Amino acid sequence: MQIRAALNHQTQAQFRQYAEQQYPDNKDMQDELIKQLQDQHFQQYMQQVYQQQLLQQQQQQQTLSSSALSNGITSSTIATNNNISPIPDGVTPIATGGEGEEEYSLTAASMWTRKDIKEFKESLVKDKESVIKIGSGETVTVRVPTHEDGTCLFWEFATDYYDIGFGVYFEWSVSQTNTVSVHVSESSDEEDEEDEAAKTEEAKVGDVEKGSSKKLENRPPTDEIIPVYRRDCHEEVYCGSHTYPGQGVYLLKFDNSYSLWRSKTLYYRVYYSR
């Protein structure tokens, strides 16, 4: 209950702004939407906690295993003594994308879904910049610079018929413009052509759900906000928000590299709040 109360306090202002935009003249609907968003945010936070605990336990087991092998201790003895907890029912591990501690302190992103997918797509279909066709094997990166008047980024997206991979990264760089730009590549990491070893490794993996944690030396520092996972955005509108950690550029990645034949039609919009 203390965790839930702390999370609710942290996201109250963001969710209130979002609810007022969705239902400007209906206080009851605003309160109901805020409650739903807070419940989803709590569930997502607890999934991340469980995943981090699991990762730590795996690392401890690997350390113990390495030490035990040099001392002649069997792996079954280690497993018994280490007392590793299983993954709780209903919890899906979330892939992490980084090694060691984060250089910057980042708040967790909030994510939620909406059922009004038909209305959402109809509201964007006439705006050519809000509808993108992502070819088979392609990845689209939407670059959204932080705005000097904003403190938080919001995003919403949906697709026709099929799912798509989605993740969010934050690039610590100074943009010369506030303009949102779209970049298309033929892999889940468009700069990999400069690193042949990384490209070979990615070809062996070929799984969007493993995310991407590679950082090239000639690129600005980049932190993972949300790992790339396939989302059922053809069934619901996927929404989210994140508080600016500082000045930089958000990278919204829509990954269709796992699809060999199917192109996807993406409907999206991004905006900031004060």
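Me: Buried means under 20% relative accessible area, exposed means over 50%, and partly exposed is in between (1.4 Å probe, protein chains only). Is Thr 146 buried or exposed?

Reply: Thr 146 counts as buried because its relative accessibility is 11%. Keep in mind that this is a predicted model, where local features need pLDDT of at least 70, side-chain atom pairs count only at pLDDT 80 or more, and totals for chains, interfaces and linings use all residues. Residues are numbered from 1 along each chain as its sequence is written, and side-chain values use heavy atoms, with hydrogens and water left out.

Me: Where does Thr 146 lie?

Reply: In the loop between strand 3 (139-145) and strand 4. Strands here are DSSP runs (E, at least two residues), and helices are too (H or I, at least four), numbered from the N terminus.

Me: And what is Thr 146 in contact with?

Reply: Skipping neighbours within four places in sequence, its contacts (heavy atoms within 4.5 Å) include Phe 170, Asn 178, Tyr 244 and Tyr 250.

Me: New topic: what order do the strands of the open sheet have?

Reply: The five strands go 1-8-4-10-2, with antiparallel pairing; a pair needs at least two DSSP bridges. Strand 1 (110-114) and strand 2 (131-134) are the edges, each pairing on one side only.

Me: How many bridges join strand 1 to strand 8?

Reply: Five, with strand 8 covering residues 237-243. Trp 112 stands opposite Cys 239 of strand 8.

Me: Which strands does helix 1 touch?

Reply: Helix 1 (residues 2-22) packs on the sheet and touches strand 1, strand 4 (152-159), strand 8 and strand 10 (264-273).

Notes
Axes are lines fitted to C-alpha atoms, for helices over the stretch in contact, and angles run from 0 to 180 degrees between N-to-C directions.
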